Amino acid sequence: MPCLVALAAGLFGPGAMAATPAGGRTWANPVDLDYRYNYEQMNEGISYRTGADPAIVRYGDGYYLFLTLADGYWQSNDLVHWRFVQPDRWPFDGPVAPATLVADGKLFLMQAAMEPKPLLYSTDPARGHWQFWTRLLPAVPGAVWAGHEGAMKPGDLPPGPWDPGLFRDEDGKTYLYWDSSNVFPLYGAQIDLALDHADEGEGKRMSFVTKPVALLKADPAAHGWERFGQDHTDTSIQPYIEGAWMNRHGDRYYLQYGAPGTEYNVYATGVYVGSKPLGPFTYAPYNPVGYKPGGFVVGAGHGSTFEDAHGNWWNSGTMWVGLNWRFERRIDLFPAGFHADGQMWVDTRFGDFPQRMPDHPLHEGESTFTGWMLLSYRKAAQASSQRPEHPPSEVTDENPRTFWVAANNTAGQTLTLDLGGPRTVRAVQVNYADYQSGRYGDAPDIVTRFRLEGSVDGRQWSTLADLSHETRDRPNAYLELDHPARIRYVRYVHGHVGAHTLAISDLRVFGNADGPPPPAPELVSARRLADTRDAEIVWKPVPGAVGYNVRWGLAADRLHETWQRFADQPTRLTLRSLNKGVKYVVAVEAFDERGVSTLSRTATLEP
């Protein structure tokens with residue numbers, strides 16, 4: 001790409017406040033990865049980048065992230081900066097919803113399958129070296145072959161294991177969990193990896209130690225959040241349950257699952273708790289445990305829960321984009337943990353605002369939220385060019401399904417935001433949209449290059465961040481500035497993207513305006529509706545608020561669920577996420593460019 005490099009070098013000079021692409025200890029969802037272009041709809045001309053079903057595992061001194069159909073995986077030393085690894089051996093069709101396991105000093109990888117497939121392992125994943133543990137896993141006992149579901153008899157299992165999850169207990173026993181269906185339950189069984197036969201090479205025989213057992217099934221009649229559709233409003237289809245993931249904490253086993261469907265804003269993680277790896281399991285009344293139905297990032301289902309090097313827990317999930325295809329998605333990462341009484345929690349509050357990655361064990365109640373607020377919401381935007389149907393105003397609406405499109409994809413195109421007055425800017429996130437991108441796989445020219453500039457008066461500009469020599473794709477480029485910038489204007493200066501068009505869905509600016517945070521909103525009413533899976537929450541608007549968080553949970557000090565709303569939405573929320581027979585406490589907080597209010601009064605939602 002000699003012409004591209006020359007162009008970038010000429011366009012982008014050094015700046016006084018430039019951030020290095022690898023700098024910073026903060027991140028903002030969606031996770032800043034070089035998401036891969038999908039090939040599944042290439043013959044229909046549908047081009048989009050995507051990543052879903054994250055399995056994150058700690059192996060050695062690093063973290064490894066596996067996604068659906070990525071033709072590789074990512075490695076990180078700090079959970080902030082990720083490097084794509086191209087493996088030397090990989091499933092030809094690309095693994096879907098992969099399962100990972102660390103056992104006997106090895107990292108195992110199992111792909112979702114409808115028939116026996118190989119099992120891979122690595123002792124050097126950082127360099128992409130993989131081997132076959134076995135070229136053919138055993139068939140699931142009692143399962144019919146793919147394509148023969150119509151001939152199933154009572155007691156038969158569907159083909160599998162699809163959406164697998166692997167778990168190794170403290171006693172060395174290994175378990176497999178699987179399935180993705182709106183008809184069948186999640187299954188589990190003990191398996192033998194034949195670790196004591198490692199010297200037999202690929203000739204070793206794995207086996208099922210126990211027969212598969214049904215573990216859990218969706219119950220949308222009792223669990224409001226398991227109802228399908230946008231905001232849980234589609235009752236014409238039964239919900240899916242999928243993406244099994246198991247963790248042990250103390251003497252409890254936490255079997256997690258995704259529901260009700262990945263192609264909507266309400267995709268969430270639920271959990272059942274038991275005292276044995278194969279149950280019986282009890283539904284957790286605080287479900288959904290991982291849930292983010294509002295904001296720029298929506299969706300938190302089908303992921304993984306893991307412990308970092310400091311003993312902190314994290315939960316990953318799948319964000320819904322759905323612009324070009326219903327399964328166009330991204331990855332999110334949230335703090336998680338367990339209370340002393342065993343309640344699991346995932347903190348998605350301000351989950352798409354900058355978060356600080358801790359370098360120490362978090363204490364009870366310690367938040368990773370930086371306090372850097374959204375400064376760009378509904379701010380005036382101007383562009384050097386545009387297509388009439390996609391104006392620059394689309395980049396400040398906090399919606400990844402609307403976007404600005406430049407008249408042409410040429411270096412030097414600009415997009416400028418007026419923040420409305422001087423603000424202290426600390427980070428910027430550039431989110432690209434795939435509009436007529438025309439790409440269906442990786443290529444050397446699929447890299448993201450741009451410069452960010454700041455100005456006090458709109459005439460004199462300085463460089464905030466410089467990615468003019470970036471060597472990877474950054475569809476959701478997040479840049480923490482080396483130093484806070486006191487500016488009014490932020491300008492994106494285009495260098496290069498691999499897509500055929502230049503389209504940006506949101507240019508998100510974070511920092512703080514001067515002054516105290518907003519006052520607490522007044523909670524007007526909170527009442528359970530006739531269908532007790534539903535409730536109506538009403539509050540009074542707060543002047544100047546950017547948005548609100550409706551928060552609820554089992555107790556006033558455990559408001560772990562959050563539904564983010566922006567100020568141009570009604571201050572009335574119909575909450576369809578509740579479990580029948582469970583009492584809740586609810587409150588509302590406001591946020592603006594200065595900070596976050598205290599909570600409103602709390603109200604109780606009786607069963």
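## A four-stranded open sheet

In what order do the 4 strands of the open sheet sit? In this predicted model, the order is E4-E5-E6-E7, with antiparallel pairing. Strand E4 (55-59) and strand E7 (83-85) take the edges, and each has a single partner strand, so one side of each goes without a neighbour in the sheet. Going from one strand to the next, the twist averages 30°.

Zooming in on one of these pairs, strand E6 (residues 73-76) runs antiparallel to E7, and 3 bridges join them. Trp74 has Phe84 in E7 as its bridge partner.

Now for strand E29, which spans residues 414-432 and is mostly covered, with 15 of its 19 residues buried.

## Nonpolar cores

The largest nonpolar core has 41 residues, and the ones touching the most other members are Tyr257, Ile537, Val550 and Trp552. Leaving aside residues up to four places away in sequence, Val550 touches Ile537, Trp539, Glu561, Thr562, Trp563, Leu573, Val586, Ala587 and Val588.

There's also a second, separate core of 32 residues, with Tyr37, Val395, Val428 and Ala477 among them.

Conventions
Residues numbered from 1 in each chain as written. Predicted model: local features only at pLDDT ≥ 70, side-chain atom pairs only at ≥ 80, totals over all residues. Heavy atoms only, no water. Pairing = 2+ DSSP bridges. Helix = DSSP H or I, 4+ residues; strand = E, 2+ residues; numbered from the N terminus. Axes fitted to C-alpha atoms, helices over the stretch in contact; angles between N-to-C directions. Core = buried A, V, L, I, M, F, W, Y, C linked by side-chain atoms within 4.5 Å. Buried < 20%, exposed > 50% of the residue type's maximum accessible area, 1.4 Å probe, protein only. Contact = heavy atoms within 4.5 Å.
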